[in-house]
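Q: Could you walk me through this structure, feature by feature, and show me how to read each one?

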Amino acid sequence: MACKKGCCGGAGRKGSASGKGSAGGKGSAGGKGNYLALEACRVVSFTRESPDNFTLKLSKRLECEPGQFVQVSLPGVGECPISVCSASGEPLELNVRQVGVVTNALAQLKRGDAVFVRGPYGKGYPMALLKGNSLVLVGGGCGVAPLKGVVEYVARHREDFREVYLFLGFRSPSDVLFQRHLAGWKARYRLSVSVDENPANTCFDGKVGFVTKLLEEARFDNSNKVVFMCGPPRMMDACAAVLRGKGFHDDQIFVSAERLMYCGVGKCCHCMIRGKFTCVDGPVFRLDELGGFKE
Ligand SMILES: Cc1cc2nc3c(=O)[nH]c(=O)nc-3n(C[C@H](O)[C@H](O)[C@H](O)COP(=O)(O)OP(=O)(O)OC[C@H]3O[C@@H](n4cnc5c(N)ncnc54)[C@H](O)[C@@H]3O)c2cc1C
Ligand code: FES
């Protein structure tokens with residue numbers, strides 16, 4: 001089946017087995033049979049989140065860890081990596097920002113349509129290792145998607161963690177994602193939401209300013225806390241600086257990195273970051289392992 005993007009994981013391709021793709025946790029597709037195998041699923045629901053963002057719920061129930069990703073494809077169009085934003089074992093949810101060929105084609109899908117998925121791939125947030133800590137989740141734009149997966153995990157393992165702080169930044173009120181979940185998150189966790197600007201002066205229950213402002217105003221220190229960040233590199237860089245000012249060390253901060261990917265399983269070398277494969281060594285890295293987050 002042709003892939004207009006020329007990516008190697010296009011529909012129908014068979015994988016040559018190797019353990020290289022098994023970097024993820026127990027949910028990783030690697031190491032078991034054909035880890036490039038595509039699975040056809042149906043769209044269960046399509047939810048418009050903002051003018052350029054939507055969430056697909058698919059028929060596939062995926063065992064995975066928060067922070068892992070899947071490769072999603074449409075025959076004859078292409079394939080792209082998208083983070084899992086649902087809980088392990090639940091129908092797979094993917095939050096997608098429309099930026100190009102595949103994501104715009106995914107935006108045309110309707111309930112009942114077919115879509116192909118392979119994965120999950122990569123290393124997610126090491127939730128089991130971090131038991132007993134408070135979690136500080138910092139997300140920007142569609143970087144909030146993998147953090148929703150973390151929130152879903154915490155909901156099922158609440159006794160494993162202390163406080164949960166959520167700092168979410170968006171461009172404007174109309175870009176705020178997962179609005180239907182925010183009241184529930186606010187009731188259970190320490191949620192703060194900011195928008196960069198509120199041009200139409202719409203009613204918005206949050207701060208106007210960058211998400212760094214929310215972090216600056218937060219009254220906490222670094223004790224028994226770990227930070228999970230996902231968003232644009234400049235945002236994560238600025239947030240890391242604020243956190244260091246509050247006493248956090250880079251080994252307390254986990255970032256989700258984005259690189260152009262094709263195979264997703266450590267074969268094509270398109271996703272290298274500081275000598276590591278984003279697809280198998282990441283996409284979640286501890287900040288000290290990356291030596292900072294400058295692009
Ligand atoms: C591990 C991982 C998880 C991701 N999770 C999500 C997610 O949950 N939701 C989401 O909306 N997006 C996510 N992305 C980004 C998503 O994969 C890209 O937006 C997508 O590949 C764009 O495909 P396209 O065919 O629509 O765009 P294209 O037509 O391929 O490109 C549009 C533009 O985006 C650039 N681009 C494409 N892919 C990337 C990339 N990976 N990094 C930087 N620039 C890129 C292209 O160079 C081009 O300028 C993730 C990426 C990675 C690596
Ligand atoms: S995407 Fe091919 S090696 Fe990572």
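The dialogue below goes from the ligand shell to a helix, then to a strand residue and some backbone angles.

Q: What should I know about the model and its numbering before I start?

A: This is a predicted model, in which local features need pLDDT of at least 70 and side-chain atom pairs count only at pLDDT 80 or more, while totals for chains, interfaces and linings use all residues. Residues are numbered from 1 along each chain as its sequence is written, and chains are lettered from A and ligands numbered from 1 in the order in which they are written.

Q: Which residues come nearest to ligand 1?

A: A residue is near a molecule if its C-beta atom, placed from the backbone, lies within 6 Å of it. Here 21 residues are around ligand 1, and Cys 80, Ser 83, Gly 100, Val 102 and Thr 103 come nearest.

Q: Which helices and strands supply that shell?

A: Helices (H or I, at least four residues) and strands (E, at least two) are DSSP runs, numbered from the N terminus. At least two shell residues come from each of β4 (78–83), β5 (91–97) and α1 (101–106), and β4 gives the most, with five residues. Domain 1 (19–121) and domain 2 (128–290) each give the shell at least three residues; these bounds come from an automatic or database domain assignment.

Q: How do the shell residues divide by type?

A: Ala, Val, Leu, Ile, Met, Phe, Trp, Tyr, Cys and Pro count as nonpolar, Asp, Glu, Lys and Arg as charged, and the others, Gly among them, as polar. Around ligand 1 there are 13 nonpolar, five polar and three charged residues.

Q: How do I read helix α5, starting with its span from first C-alpha to last?

A: The expected span is 1.5 Å times one less than the number of residues. With 13 residues (233–245), α5 reaches 19 Å, close to the 18 Å expected. After α5 comes Gly 247, with a positive phi near 100°.

Q: Which residues of α5 are buried?

A: Buried means that 20 or more other C-beta atoms lie within 10 Å of a residue's own, and exposed means 12 or fewer, with C-beta atoms placed from the backbone. In α5, Met 235, Met 236, Cys 239, Ala 240 and Leu 243 are buried. Down the axis of α5 they fall within an arc of 135° (taken over the directions from the helix axis to the C-beta atoms), so they line one face of the helix. Ala 241 and Gly 245 are exposed on the other side. The cover over the buried residues includes β7 (134–140), β8 (164–170) and β11 (225–230).

Q: Why does Phe 277 count as buried, and what is it in contact with?

A: Phe 277 lies in strand β14 (residues 276–277) and counts as buried because it has 25 C-beta neighbours inside 10 Å. Contact means C-beta atoms, placed from the backbone, within 7 Å. Neighbours within four places in sequence aside, Phe 277 is in contact with Gly 266, Cys 271 and Met 272.

Q: What about the backbone angles?

A: Most residues other than glycine have a negative phi, and most peptide bonds are trans. Phe 178 has a positive phi near 55°, and Arg 274 has one near 50°. Phe 178 counts as buried because it has 21 C-beta neighbours inside 10 Å, whereas Arg 274, with 12, counts as exposed.

Definitions and conventions
Contact = placed C-beta atoms within 7 Å.
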